[in-house]
Amino acid sequence: METSRPVIVKRMPDRLNQKQARMFLRDIQPLLNTDRPQLVFDCSLIRQMDAAGVDMLLHCMAEVMKRDGELKLAAVSPQAAVVLELTRTDRLFEVFETSGDAVKSFYRFLPNAMKNQPVLFPMGTPIPGDSTSTDGAPLAA
Amino acid sequence: MDVRAIVVLGAPEESYETIAGEPYAFADVLGAPVVYRVLDRLKATTDINAITVVTEAPPSTWPVGANPANGRGTWLQAAGDQLWRTAEQAFEDYVQNGADQIVVIRVGAYAELDFGDVIQYHTQQRHNVTSVVDSKNEPLDIYVISGSRRNDAAYLFRHRLRQFRAKYERYPFDGYANRLTSPHDLRHMAIEGLMQRIQIKPEGTEIKPGVWVGRGAQIHRRSRVLSPAYIGAGCRVRAASVITRCSSLEHHTVVDCGTVVENVSTLPFTYLGAGLDVTHSVVGRSRVWNLKRNVEVEFADARLIGEASANAPLRALGSLLSLASFFPAQFLRGLFAPSHRECPASLPGAISTPAAALEAPAALKAAAPAVDAGEFPANLVVARRYGNE
């Protein structure tokens, strides 16, 4: 049976050079090693990021994907956004405006959530306030 | 009539009108610094007997050719905060040498003004001081002052061209004027020049319609340069790179392999690393001013955005060293680097392995389905799941 796994939000440091990237990676290594990790990196503090920082993000992405997990970025600062865009890595990540949005996105398409949805309008019945019938033709007055 | 000019390179406030610590007046636009564009325009539109350029910047930072022999006027370095005092002294010297009218320009703004017309207007109307204003009635920091009005000029200089001692006249100007106060303005000027909407011409040869190339620029045959574009003198555009959307590469810019340069102006001696997407920006001095996001980003990593040496022998030495180290590095890589391809143990394995060109990237390959379908509830018919699941 599908169970909800925790989503972990990790705030990234303001500078992501080689030293900081290594420290950050050491910090999150236990999280990466879990089964199907669900991670959000909050990038709001990043003011400077170099190639080592981008490499670290790609490494995390690869590790998470190996374990069938997901890694999303949230609140990306303009400086980080410029570096990600410059290095063509922005398109590899799902990016959200806030950490909250990123966390919510993990729960959006779970089968459990779909299974418990009540059916409000059975097939074929007109929806109140809708001007079209189920077959697309306008409803009679 | 003896007409002379004083060009002041300085802002009313410190750290204003500078890019990477240098005044915009020194920034190159389509192959020539803005201050040269102003001087050339001044000489082209009126008979000027002498020009003095006053700046606080040390001579080592002045643009190449900043001397009277090149027709660029006499350059004076003002000590400390004596910029306006030096300009005032230059005005007095001109008056003592018999100047009738003196044009004072603060760069500042670049305006496509007919200076001859302004001087004629000033003379005919018998004004003491004439200030050129734009369509919004804002001063463009361009003045014509009669030689006899020494005190008016002194007052104006002491108030950094912001206050007048006596009544002055306005000369309305509704042509192209760019105040050059931000990287947006610098970029705008380059675009307007490339689109031929203003009168500045790119310094170089037009090798095909809309593409200008400076002396000694090297463009790899497998790169693409889409019109309009400017490739400055001594630039290198390496293989598989693309230069597009009014991009302007100032002299000695290096665009490394596979990089896309779109709607970008570079400062001289800029290095753009390999495989980048550089878009909507002004780039130089290890910085990117992103115009869309309105943010300045400094790069400590020279592999991404760097700066080439302004010293030609040093640049040549660097190229030689990289060439000399290329073959040994390739040899060592061939000896010690692990092969990415795994040999199948048996023939059936070999024939069922996809061709190398069809292989997915390593990261995606690692994400092959790890969860079998049995995990889903039996009554679930369609489940849309994200990404790799």
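Predicted model: local features only at pLDDT ≥ 70, side-chain atom pairs only at ≥ 80, totals over all residues.

Visitor: Which residue does a cis peptide bond join to B:V107?
Guide: Look at the loop between strand 8 (101-106) and strand 9 (110-111) of chain B, where a glycine is found. The bond has an omega of about -10 degrees, and the partner of B:V107 is B:G108.

Visitor: Is B:L30 buried or exposed?
Guide: This leucine lies in the loop between strand 4 (28-29) and strand 5 (32-33) of chain B. Its phi is positive, about 55 degrees, although B:L30 is not a glycine. The cut-off for burial is 20 or more other C-beta atoms within 10 Å. B:L30 has 22 such neighbours, so it counts as buried.

Visitor: And how should I class B:N263: buried, exposed or partly exposed?
Guide: B:N263 is found in strand 23 (residues 260-266) of chain B, and has a positive phi of about 55 degrees without being a glycine. Within 10 Å there are 18 other C-beta atoms, so B:N263 is partly exposed.

Visitor: How far apart in space are B:G214 and B:G31?
Guide: B:G214 is in the loop between strand 15 (211-213) and strand 16 of chain B, and it is buried because 21 other C-beta atoms lie within 10 Å. Its contacts include B:G31, B:E203 and B:H251. Although 183 residues separate B:G214 and B:G31 in sequence, the C-alpha to C-alpha distance is 7.7 Å.

Visitor: How far apart are the centres of domain 1 and domain 2 of chain B?
Guide: The domain assignment gives domain 1 as 3-178 and domain 2 as 183-307. Their contact takes 14 residues from domain 1 and 25 residues from domain 2 of chain B. On the domain 1 side, that makes nine nonpolar, two polar and three charged residues. Over C-alpha atoms, the distance between the centres is 30 Å.

Visitor: Where does the largest share of the largest nonpolar core come from?
Guide: The core has 125 residues, of which B:I6, B:V7, B:V34 and B:V35 touch the most other members. Both domain 1 (3-178) and domain 2 (183-307) of chain B give residues to it, so the core lies between them. The largest share, eight residues, comes from helix 2 of chain A.

Visitor: At which residue does helix 1 of chain A bend?
Guide: The buried residues of this helix are A:Q20, A:A21 and A:F24, and what covers them includes strand 2 (15-16) and helix 2 (51-66) of chain A. A proline, A:P30, follows within four residues of the bend. The angle is about 35 degrees, and the bend in helix 1 is at A:R26.

Key: Residues numbered from 1 in each chain as written. Chains lettered and ligands numbered in written order. Bend = angle between axes of the 7 residues up to and from the residue. Helix = DSSP H or I, 4+ residues; strand = E, 2+ residues; numbered from the N terminus. Buried ≥ 20, exposed ≤ 12 C-beta atoms within 10 Å, placed from the backbone. Contact = placed C-beta atoms within 7 Å. Domains from an automatic or database assignment. Nonpolar A, V, L, I, M, F, W, Y, C, P; charged D, E, K, R; others polar. Core = buried A, V, L, I, M, F, W, Y, C linked by C-beta atoms within 7 Å. Lists of a residue's contacts leave out its neighbours within four places in sequence.
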